[in-house]
Amino acid sequence: MASRGNFSGRIGFIAAAAGSAVGLGNIWRFPYETGENGGAAFLLIYLICMVLIGFPVMVGEISIGRNTQLNAFGAYKKIGGAKWGLLGYWGILSAVMFLSVYNVIAGWAFAYFVQMVNGTLSATKNFGEHFTSQIADVSDLFFYSLGFMVITAVIVSRGIKKGIESASRILMPALFIMLLGLIGYSFTLDNAMEGVKYYLIPDLSEITFATVYNALGQAFFSLSLGMAALVTYGSYISKKENIVTSAALVTVTDTTVAFLAGLLIFPLVFSQGLSPSEGPGLVFVVLPGIFAGLGTLGPIIGAAFFLLLCFAALTSTISLLEIPVTFLVDEKGYSRTKVVIFTALLVFLIGIPSMLSQGAVDYFSNFAHYEGITKTVLDVVFDIFSDVGLPLGGFLMTIFIATKWKTANFNKELAIGNEGYMGSFMQKYLNFALTIFAPIFLGLMFIITVLKKFFGVNLF
Ligand code: PHE
């Protein structure tokens with residue numbers, strides 16, 4: 001078999017995996033989920049989910065990938081036989097569907113960046129209306145989303161080291177620096193501290209079942225878990241690496257970026273006396289209005305912000321596209337370039353109904369009705385393949401480790417590159433978290449969430 005390529009070492013893997021994790025989930029989704037679910041109370045539950053579920057599930061996925069050195073399907077099949085291979089297929093299908101909508105939203109970010117640079121956005125009077133008409137205007141967005149997919153495809157076609165790793169090594173630090181600069185600025189505004197309080201001082205009475213399942217869904221979305229993205233990336237790391245440390249660093253980086261995004265956005269929102277529960281439009285409606293009020297610096301800060309959003313999204317779309325690409329290269333032996341062109345095009349086409357569902361075509365915009373509201377195609381795809389699908393994928397992965405691969409083999413893999421692992425507290429913690437706590441918790445959450453979302457049955 002031709003060499004599959006590898007990350008060059010620990011930093012390369014961490015940059016790429018952190019690049020996958022840090023994305024629209026941190027900067028676009030995390031602040032609006034926090035704003036819709038009670039601020040600091042949500043942040044608290046989110047942090048707990050990261051430690052108790054997110055981190056162990058990440059270690060699980062990476063270890064399956066590194067053990068087998070195979071794509072998602074190949075990895076589950078190699079250890080668990082044909083039936084478990086289906087779980088790999090599910091991951092690949094989720095990645096394709098998820099990327100199809102993710103790329104649409106990345107297209108919005110790309111459009112906003114261009115409009116910040118060329119002055120269209122600063123000239124806008126009503127940002128809410130602008131956002132609504134912008135996401136409905138597919139004549140424009142078609143090209144932005146296509147452009148985003150093309151850039152993703154070019155990087156993925158260059159392979160693991162030259163493409164994915166080098167892009168992440170530049171984009172990730174750039175993102176951190178931009179974020180810190182913007183936060184520094186937002187803190188100087190009047191009333192900024194009100195935003196900080198809302199974000200950091202929890203009101204525990206705000207915690208409901210919805211807070212927990214939204215926080216859990218957000219943790220999976222943000223850490224790129226549940227669809228074998230990290231099985232895939234894990235398959236490209238060497239046996240010298242310490243998986244536990246790498247996963248810990250990725251989790252911390254991802255959490256830090258989400259935390260910083262909140263620290264940027266809530267002071268801005270409160271300084272303008274606006275509502276934090278603006279929903280998915282938060283970043284796109286509230287922020288341009290704020291940038292416009294900043295005088296001559298506004299367009300520059302705004303352009304930096306949307307560029308940052310594009311960078312973050314790009315390192316995630318790269319990892320999403322890599323999932324089906326690795327599968328087709330490993331299993332079918334096709335050339336990487338051909339596979340990349342085919343998959344990118346396919347994913348883009350699948351995303352078109354979602355793109356048309358934001359006001360352009362009524363049928364797609366009013367596609368379904370549940371949870372008491374009308375859902376667009378984009379909502380439905382995210383509901384199935386993200387909110388419900390990712391924790392489901394994580395649940396099945398934990399069952400796989402506990403019953404098929406067995407904890408002893410999982411531990412053996414983790415001990416490679418990590419001398420002190422056997423018998424350590426970390427070993428006991430990961431074994432408990434992955435084989436007892438996570439399966440029970442995720443299994444229950446799955447049942448309750450499906451009943452609530454799709455059948456209107458409220459157990460809590
Ligand atoms: N974690 C990415 C984000 O936060 C999204 C993602 C999910 C990427 C799953 C890959 C796999 O935006």
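Ser235 has a relative accessible area of 1% and is therefore buried, a term that stands for under 20% relative accessible area, with exposed meaning over 50% and partly exposed the range in between (1.4 Å probe, protein chains only). The model is predicted, so local features need pLDDT of at least 70 and side-chain atom pairs count only at pLDDT 80 or more, while totals for chains, interfaces and linings use all residues. Residues are numbered from 1 along each chain as its sequence is written, and side-chain values use heavy atoms, with hydrogens and water left out.

Ser235 sits in the loop between helix 11 (229–234) and helix 12 (243–271), where helices are DSSP runs of H or I with at least four residues, numbered from the N terminus. Once neighbours within four places in sequence are set aside, Ser235 is in contact with Arg4, Gly65, Arg66, Gln69 and Leu70, contact meaning heavy atoms within 4.5 Å.

Turning to the aromatic residues, rings of Phe, Tyr and Trp (its six-membered ring) pair if their centres lie within 6.5 Å, and planes under 30 degrees apart count as stacked, over 60 as edge-to-face and the rest as tilted. By this rule there are 40 aromatic pairs. Phe73 and Phe327 form an edge-to-face pair, because their ring centres are 5.8 Å apart and their planes stand at 85 degrees. This pair links distant parts of the chain, with Phe73 in helix 4 (residues 72–80) and Phe327 in helix 14 (residues 298–332), 254 residues apart; both Phe73 and Phe327 are buried.

Phe142 and Phe143 also form an edge-to-face pair, at 5.3 Å centre to centre and 75 degrees between the planes. Phe142 is partly exposed because its relative accessibility is 30%, whereas Phe143, at 56%, counts as exposed.

Conventions: Helices (H or I, at least four residues) and strands (E, at least two) are DSSP runs, numbered from the N terminus.
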